[in-house]
Amino acid sequence: MGKRVLSANSKAVVPLILTAALLFSSCTSRSRRNEPVKEVVLINDTWVVEKYMEAVSECDHAIYEQVSFNTGRTDGLGPHEYRFRGIVYLTDEEAQSLWTGYEWEETVAPDFEFDMVDIEAVGSGPWYRCHDFEKDNYSTIVSNYTVFDGEKIVFDIHQI
């Protein structure tokens, strides 16, 4: 009789254990699927300058990264803010205009972090920063840093 009770209990418990294991594995694999995946797109145009740098009236060209995190969901939920980081190459006239139009103060070079922009193109500085320049340009965006070396602007900004 003892063997039959054990056998009957085992038959009842095994499906419960299997069901719990399947639910647990389904939840953990689902959460891994919904973890945000970093997506970086390299862009070579002046859109970011035209959109966010109103004090820059002309530039030769810009190369920057558009960084986002995608959860793979199509329901519209999740973070959709972009981070932009790159280099704006100014014309000589525009560089001079910005240099004389703002009070730049020398600063330590930030930790330039790029996935696709060539870090060698940044140069060695010296680097200058101007809070008024950032205030004039970034009313709808947050600046991690914006530095100027007298020829080009290196920036890391993100939408809020």
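Modeller: Buried means under 20% relative accessible area, exposed over 50%, and partly exposed in between, with a 1.4 Å probe and protein chains only. Helices (H or I, at least four residues) and strands (E, at least two) are DSSP runs, numbered from the N terminus. The model is predicted: local features need pLDDT of at least 70 and side-chain atom pairs count only at pLDDT 80 or more, while totals for chains, interfaces and linings use all residues. Residues are numbered from 1 along each chain as its sequence is written, and side-chain values use heavy atoms, with hydrogens and water left out.

E3 has strand partners. Strand E2 (residues 59–70) runs antiparallel to E3, and eight bridges join them; E3 and E7 also pair in the antiparallel sense, over seven bridges. Two strands count as paired if DSSP finds at least two bridges between them. Gly86 takes part in both pairings: in E3, Gly86 is the bridge partner of Tyr64, and Gly86 also stands opposite Phe155 in E7.

The buried residues of H3 (residues 92–101) are Glu94, Ala95 and Leu98. Seen down the axis of H3, these buried residues fall within an arc of 100°, so they line one face of the helix; the arc is that of the directions from the helix axis to the C-beta atoms. On the other side of H3, Asp92, Glu93 and Thr100 are exposed.

Neighbours within four places in sequence aside, Leu98 is in contact (heavy atoms within 4.5 Å) with Ala55, Val56, Leu90, Trp104, Phe133, Phe148 and Ile153.

A nonpolar core is a set of buried Ala, Val, Leu, Ile, Met, Phe, Trp, Tyr and Cys residues joined through side-chain atoms within 4.5 Å. The largest such core has 25 residues, and those with the most contacts inside it are Val88, Leu90, Leu98, Phe133 and Phe155. At least two residues of this core come from each of helix H2 (47–52), E2, E3, H3, E6 and E7. A second, separate core of eight residues includes Ile87, Phe114, Val117 and Val122.
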